[in-house]
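My notes follow in the order in which I made them.

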Amino acid sequence: MNVFVDLLNGFATVLSPANLFFAAVGVTLGTLVGVLPGIGPAVTIALLLPVTFNFEDPIGAFIMFAGIYYGAMYGGSTTSILLNTPGESASVATAIEGHEMAKRGRARSALATAAIGSFVAGTISTILLTFVAQPLGSLAVKFQATDYFALMILALVTVTALVGTSLTRGLLSLLFGVVIGLVGLDTLSGQARFTLDQPLLFDGINDVILIIGLFAIGETLHVLVKGRTRPGQVSPLEPPHGGFLWLNKEEWRRSWAPWLRGAGFGFPFGVLPSGGAELPTFLSYTYEKRRSRGRKEFGKGAIEGVAGPEAANNASFSGVLVPLLTLGLPTSATAAVLLAAFQIFNLQPGPQLFENSSDLVWALIASLYIGNLLLLVLNLPLIRLWVKVLEIPRPVLYSAILVFATLGVYSLSGNINDVLIAYVIGVIGFFMRQLDFPIAPAILGAILGPELEKQLRTALTISNGDPSVFVTRPLSAVILALAVAALLLPYLPRVIARLRGRPATTEKLAFADED
Amino acid sequence: MTIVVGYTPTPLGEAAAATAIAEAARRQAELVVVNSSHGDAAVDPKFAGPATLATLRAAIEAAGVTHHLTQSLSGLDPAESILRTAREYDADLIVIGVRHRTPVGKLLLGSTAQRVILDAECPVLAVKQAQG
């Protein structure tokens, strides 16, 4: 029953006024960026990273970051349902049925099933995280360098394969990230790599600079070039109808099972390196659609199609935290940014984290319970306020982001060269966006690349330079085989279609870039 | 004859549109409806959606008035786009909605109505929102 004591200690930490304040700030900011299309949790956390440098206690910062991620998931559903423009990629599936519901005057029901489902699934998966994390962490102690190497390859490959429309583009993006990650003096040999003989690059390119450059500055330029767009139409909220929490009896009955199933999809897919929340939301959507085939309501606003995916995307976050906290392995862009945050505070996520910084870990887990509750309270009653956020003119919004990005980068080192590097990366990020290169693999590559190299070296040192260790150790070999399979997975629908003698309908399974 | 009306999907805009329709029917004039947005936010409540425009079009047609609906995303402010349209169609009358603005509000946001009234090359009919 050690877990309960730890968890209660975590609650004691979170329930202090200062940390509650950070949780509230986090979920509010998260909802804001979730509502706004184009700005996601990863870039928000990256922009806030420099602000948190001066925190005495990293706990507050991490509570805020977790709140941002959760808030973004809640906020994304609002835009999906009322505007049919997913605020972030994990809400794409919600938009399909959610907007149909709103058009048919059931906007409140859709919003309520999304919010309550998020709460239910978020809480379930946090409970799972509570009990799974520590045992997995102690299991991870037995992992060797070859296993870590294989796991990182798996994480990099799956994210690259699943995100974006083209595998080649994904791999190029990954390669770009790894190269950026390796810029600087090599830790072992002291050799300068990819520095173009410029001393200012000897220290390497800070992860935060890369993230802010690619996401914030690149996205700003992308929006700038896109210019004026036709404003969307917000579906009006119908007058409140009866029922408990905006849902009537029938809707409760139809929602609860998809919520639970959504949590069932979200958590494991969050744990697995599968690029975050997109995959489980689509799986949940497809499953709910299959199940209720007789109803023929899908496509015309079926509440199951909102309840399931929304539950799945929230459940996946606690899942994503499992490999991040226990192995130091990020499986999505946002998780990669969180890993960068850990490194900034000199914390190394991994098996030792639970022993060395158990206060922080349990406070973080406890903050997830609190954050979920705060979001449920904040979300539905303030829905009109969140919709108002969409009226912020983009020039105002993005100039604020640019100012924040510039100040943030400058405050990292007080060096103007860093700002210039960030802007150069921003221009590269802009061309990546324009040419349809996914950003997430680059971020993961830059953050995992050096770590990958370290494990590769350790493994090869132990084996006296014999590369066969990666295939002779069964666990490593299996994981590497999975990585190869993951490369082929997106082409599976096409292969199956070909085998059945039908022309391929879809080019490749593709999921939106998590931003 | 041509009448230009500045329209927004708000009670004030509807009042202006209703007056403009009545006026156009009385004068047997052509009605040009101007609705504009900066087009730089994800949502602009002043920009009429397809449903609102259909309702407006039906109301105009019911009055038997020939009309043009123009929607622009040019980034011009509303006053400028009304004035430009009026010049373009050589309008005989501009109809706009007016409301109270606090001095501070006027200082910060300016007044579309004031600009239209002062800069227009034709008479301007100012409509207030019905009370109650």
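Before looking at any pair, I wrote down the rule that two strands count as paired if DSSP finds at least two bridges between them. I also noted that this is a predicted model.

Entry 1, the sheet. I looked up the strand order in chain B and found five strands in an open sheet, E3-E2-E1-E4-E5, with parallel pairing. At the edges I found strand E3 (67–72) and strand E5 (124–128) of chain B, each of which pairs on one side only. From one strand to the next, the twist averages 20 degrees. I reminded myself that strands of a sheet pair through backbone hydrogen bonds, either parallel or antiparallel.

Entry 2, the pair E2 and E3. I took strand E2 (residues 30–36) of chain B and found six bridges to E3(B), with the two running parallel. Opposite Val33(B) I found Leu69(B) of E3(B).

Entry 3, the neighbours of E4. Strand E1 (residues 2–6) of chain B is joined to E4(B) by three bridges, again in parallel. Here Val4(B) stands opposite Ile94(B). On pairing with E5(B), I found five bridges to E4(B) in the parallel sense. I looked up Val98(B) and found Lys128(B) in E5(B) as its bridge partner.

Is strand E4 (residues 93–98) of chain B mostly covered or mostly open? I found that six of its six residues are buried. In a regular strand the side chains alternate between the two faces of the sheet. On one side of E4(B) I listed Leu93(B), Val95(B) and Gly97(B), and on the other Ile94(B), Ile96(B) and Val98(B), so both faces are covered.

Methods: Residues numbered from 1 in each chain as written. Chains lettered and ligands numbered in written order. Predicted model: local features only at pLDDT ≥ 70, side-chain atom pairs only at ≥ 80, totals over all residues. Helix = DSSP H or I, 4+ residues; strand = E, 2+ residues; numbered from the N terminus. Axes fitted to C-alpha atoms, helices over the stretch in contact; angles between N-to-C directions. Buried ≥ 20, exposed ≤ 12 C-beta atoms within 10 Å, placed from the backbone.
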